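Hi,

Here's the structure I promised to pass along.

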Amino acid sequence: MTERLYLYDTTLRDGQQTQGVQFSTAEKVEIAQMLDALGLDHIEGGWPGANPTDSEFFAAPPKTRATMTAFGMTKRAGRSAENDDVLAAVLNAGTSSVCLVGKTHTFHVETALGISLDENLENIRASVAHVVAQGREALLDAEHFFDGFEADPAYARACLATALDAGARWVVLCDTNGGTMPSRIGEVIDGLDLPGDRLGIHTHNDTEQAVAGSLAAIDAGVRQVQGTLNGLGERCGNANLTSLIPTLLLKEPYASRFQTGVRDLPGLLRVSRRLDDILNRVPRREAAYVGASAFAHKAGLHASAILKNPKTYEHIPPEAVGNARIVPMSNQAGLSNLRKRLADAGLSTDDDGALRRILERVKIQEDKGYSYDGAQASFEMIARDELSLLPSFFEVKRYRVTVERRKNKYNQMVSLSEAVVVVKVDGDKKLSVSESMDETGGDRGPVNALSKALFKDLGPYQAQINDIRLIDFRVRIMQGGTEAVTRVIIDHEDGKGRRWSTVGVSPNIVDASFEALLDAVRWKLCQGT
Ligand SMILES: CC(=O)SCCNC(=O)CCNC(=O)[C@H](O)C(C)(C)COP(=O)(O)OP(=O)(O)OC[C@H]1O[C@@H](n2cnc3c(N)ncnc32)[C@H](O)[C@@H]1OP(=O)(O)O
Ligand SMILES: CC(=O)C(=O)O
């Protein structure tokens, strides 16, 4: 017999408390819809009345199967729940479910609220009762519960009992400061002697154990788990639902024991990446389950075994969460990595001599500071060259880039980068000049100017490269052999949605960038379209 485990998402509330994160109303709507499609049970949409975005979101929330929940705090002392304006704004959002944060730690009641312990209990009771009287589902986020329990277990318990007696459907045990060890979370819950189907868990990641703490709480009996997508949240974040969900669905003892509302586990990676897109964040490569490296097999020994049976180095099939296996090339690679990479690029060969030459060249280049595991398109250029599959396309005769600081027509000092690239295509010399200015008149730098000049006129090849867009540019100073060198990695995208990365290395950043740009354009021309 499976038991129901409820998943409660707080990306739009605690996730919005992440430093640097500020969702627009439209983004909140889109995220709520993604969470709903994934199959969350509750979506905490924010705190109505606390800021215009949250109020606007609740004025027209998206229709969801998940229970849309408004967040707020218990009423303040010295007024009734009916007359508390902050609580009124939360209830006015009209959601069927309301989650109120209430203090459960004596230190916080006395220091942060400055009221008596009894007044706080009354605030919890009256606030929950008021929510329930309006026909809503009430949840109490028991703030600082675990720290409060260490300081005064009787009082922390009394707060939970008060909320439950007043009609709270769930009391959610919060490790607000994120410092409680998972084993202690389990012990405390074991000793509470409360029904698990009335208990939730809300952990923070300050010791990198929020997911472990949530699992310990589930092991001890709680049946609602709160968290956020990609682990967003105050300070170091909340329990990461992007890790918790696949663990609960795919790992024992949880997979056989529990049933959740999750409907689209293979959609998990897409949801995680979309959130990063919205936040303009680079997805964390090493993220569990959904990171680009989560199923990347770099070492030669691993790649060799993976090709025989993926289970040798994979704990789950990557497709289960929408991810994919990759076998990158690098100085850790052997022939197995190489054969797989070449096959993926449509360059399979039986020429063992060529295979050994490619491997040797990759290792020599990496010793100079190149890195191919994140720049697979540059690796393909080496492979094509060794396999005599790299047409010359065009020859670069020279290039130049200048950066000038000068006054614009408004008498402000501005920078202007300008590049000249001369290439020979089919016997014709072509000189292209470009400035790096964007639509607003801002300077986008010398690499942008170089890229625009290189991609401006390649004669018969121009139609094939018109849809290339530079999307990311990363620079690192490396030790290449005996000298410090600059490594540049550039990501491009085309109109077909293909993304590829190339690398250049030189003591000079402009030369390193130009080398990466050249590989990018050649890679695109090799695709034929
Ligand atoms: C653990 C958590 O993450 S809980 C979620 C926290 N989230 C947020 O704080 C984000 C949204 N918050 C806000 O926009 C604002 O803090 C508001 C609108 C809610 C309140 O703003 P203000 O009225 O200016 O109060 P301010 O933020 O300075 O202080 C919070 C007040 O709430 C009181 N308070 C804090 N927790 C509670 C509680 N659980 N129950 C009742 N009152 C509380 C504090 O004592 C303080 O009151 P005081 O001003 O009389 O000292
Ligand atoms: C309520 C909440 O976010 C916390 O206690 O961490």
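This is a predicted model: local features need pLDDT of at least 70, side-chain atom pairs count only at pLDDT 80 or more; totals for chains, interfaces and linings use all residues.

A154 is found in helix α7, which covers residues 153–165.

Now the ligands. Around ligand 1 there are 17 residues, and A50, M73, T74, V101 and L113 come nearest. Two elements give two or more residues to this shell, β5 (97–103) and α4 (106–113). The largest share is from β5, with three residues. Sorted by class, the shell around ligand 1 has seven nonpolar, five polar and five charged residues.

For ligand 2, the residues to look at are D14, V101, D141, E143, C174, T176, H202 and H204. That shell splits into two nonpolar, three polar and three charged residues. You'll have spotted V101 in both places: it is among the residues that come nearest to ligand 1, and it is also in the list around ligand 2.

Three strands make up an open sheet in the order β11-β12-β13, with antiparallel pairing. At the edges sit β11 (395–407) and β13 (428–435), each of which pairs on one side only. On average, neighbouring strands here are turned by 10 degrees against each other, ignoring direction. Between β12 (residues 413–425) and β13 there are eight bridges, and A419 stands opposite S434 in β13. Helix α17 (residues 446–454) lies across β11, β12 and β13, and runs at about 35 degrees to β12.

One more piece to look at is a hairpin. It is formed by β15 and β16, with five residues between them. Strand β15 takes in residues 483–493 and β16 residues 499–506; the two run antiparallel and are joined by eight bridges. Across this pairing, H492 stands opposite W500 in β16. In the turn, G497 has a positive phi of about 80 degrees.

That's what I have so far.

Cheers

How values were computed:
Residues are numbered from 1 along each chain as its sequence is written. Chains are lettered from A and ligands numbered from 1 in the order in which they are written. Two strands pair if DSSP finds at least two bridges between them. Helices (H or I, at least four residues) and strands (E, at least two) are DSSP runs, numbered from the N terminus. A residue is near a molecule or strand if its C-beta atom, placed from the backbone, lies within 6 Å of it. Ala, Val, Leu, Ile, Met, Phe, Trp, Tyr, Cys and Pro count as nonpolar, Asp, Glu, Lys and Arg as charged, and the others, Gly among them, as polar. Axes are lines fitted to C-alpha atoms, for helices over the stretch in contact, and angles run from 0 to 180 degrees between N-to-C directions. Two residues are in contact if their C-beta atoms, placed from the backbone, lie within 7 Å.
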